[in-house]
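Thanks, everyone, for making the time this morning. Let me put the model on the screen, and then I will take you through a few of its parts in turn.

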Amino acid sequence: KEHIEKVQAFKADSKESIEAFRIEYLGSKGLLKDLFAKFKEVPNEQKKAFGQAINELKEKAKEKVESLKETIESKEEEAGIYGDLTRTAYPMEIGARHPISIVKNQIIDVFSRIGFNVSEGPEIEDDWHNFTALNLPAHHPARDMQDTFFIQTDPDVLLRTHTSSVQVRYMEDNKPPIRTISPGRVFRNEAISARAHCIFHQVEGLYIDKDVSFADMKQTLLYFTQEMFGKSKIRLRPSYFPFTEPSAEIDIYWGLETETDYKITKGTGWLEIGGCGMVDPAVLTNCGIDPEEYSGFAFGMGVERIAMLLYQIGDIRMFFENDVRFLKQFSNAL
Ligand code: PHE
């Protein structure tokens, strides 16, 4: 009885003391061995009680050893696998949205308020969707306006140079009225500098319906720049694109009261943010839309250019370097 109490009270904090305990009770020269040896000397009438008592002691001692081992092992495991579970959490950096995503989402937001949906297409394109359908047949000199990356040696497979290719796909698959914007990455074989990169992002827009006019286009673009930049003016400067006629460059002048307050561009203070124009009837025909019935406008803008204006970023390469000191500065933006 006294032994059983001792066994139950035993506590251990190391594997060594558990082993010492096991040897003391259960070892080949241990207490239980002695007790079993004494069994023969016990008078017959006490044998039953004595036998039960030592068996109980043996069971209790075994149980004790097992349970102590388990506790110690699980403690070791926790320490090894999880470390100290009570320590203060290690601070984790929370990421920030990339400025290109922020600006792209804002543009989508502004256009979705006036009924434009979002369309997407492949970055690897065929000649038809990037050029030919857009009134740029093979050998057309205007193909050189956008230096193209071709995939291996197949001249029919290329990296899209603009998301106008998505607009072709959209017109092929949908009947007017069409109001869609196509955001996405585009690729041009250009030397990388502070102002230009071989990869950048565009948002192109397309509006096709009955009786769409140049004035509708200008008002849509003015609405956009005012939503995006606040107080701003736009200027449409005559230009040329094979897929629109007439065509124009979109210049923006924004934010400040007088031209001399304007700090971003020196000189006139006007800055080009994209191109636009009335969709050429030949493009509508190529995409299965009757130009006698429908007309429309299209525009395309560079997302980097807009982000550089909004955040006063002087070098386009910043967007692609993923320097955390740059990216972190956008952690408060949505
Ligand atoms: N696709 C032209 C470009 O990438 C932009 C543009 C789109 C111009 C639509 C006019 C109309 O340069």
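I will begin with S165, which has its place in helix 7, residues 164–173. Please keep in mind throughout that this is a predicted model. S165 counts as buried because its relative accessibility is 0%, and, once its neighbours within four places in sequence are left aside, S165 is in contact with E125, H129, N130, L134 and R160.

Let me turn now to the nonpolar cores. The largest of them has 39 residues, and of these I107 and F299 touch the most other members. Several elements give two or more residues to this core, including helix 8 (214–229), strand 7 (244–254) and strand 9 (295–302), while helix 5 gives the most, with 7 residues. If we look at F299 itself, again leaving aside neighbours within four places in sequence, its contacts include F111, I181, V203, L221 and I250, together with Q167, E204, G205, G275 and C276. Apart from this core lies another, of 21 residues, with F131, I178, L206 and L284 among them.

Finally, how do helix 1 and helix 4 cross? The axes of helix 1, residues 2–9, and helix 4, residues 44–82, come within 9 Å and cross at roughly 10°, which means that helix 1 is roughly parallel to helix 4, given that angles under 35 degrees count as such. On the helix 1 side the residues are H3, I4, V7 and Q8, and they meet A53, E56, L57, K60, A61 and K64 in helix 4. By class, this contact has 5 nonpolar, 2 polar and 3 charged residues.

Note on methods:
Residues numbered from 1 in each chain as written. Predicted model: local features only at pLDDT ≥ 70, side-chain atom pairs only at ≥ 80, totals over all residues. Heavy atoms only, no water. Axes fitted to C-alpha atoms, helices over the stretch in contact; angles between N-to-C directions. Helix = DSSP H or I, 4+ residues; strand = E, 2+ residues; numbered from the N terminus. Parallel < 35°, antiparallel > 145°, perpendicular 65-115°, else oblique. Contact = heavy atoms within 4.5 Å. Nonpolar A, V, L, I, M, F, W, Y, C, P; charged D, E, K, R; others polar. Core = buried A, V, L, I, M, F, W, Y, C linked by side-chain atoms within 4.5 Å. Buried < 20%, exposed > 50% of the residue type's maximum accessible area, 1.4 Å probe, protein only.
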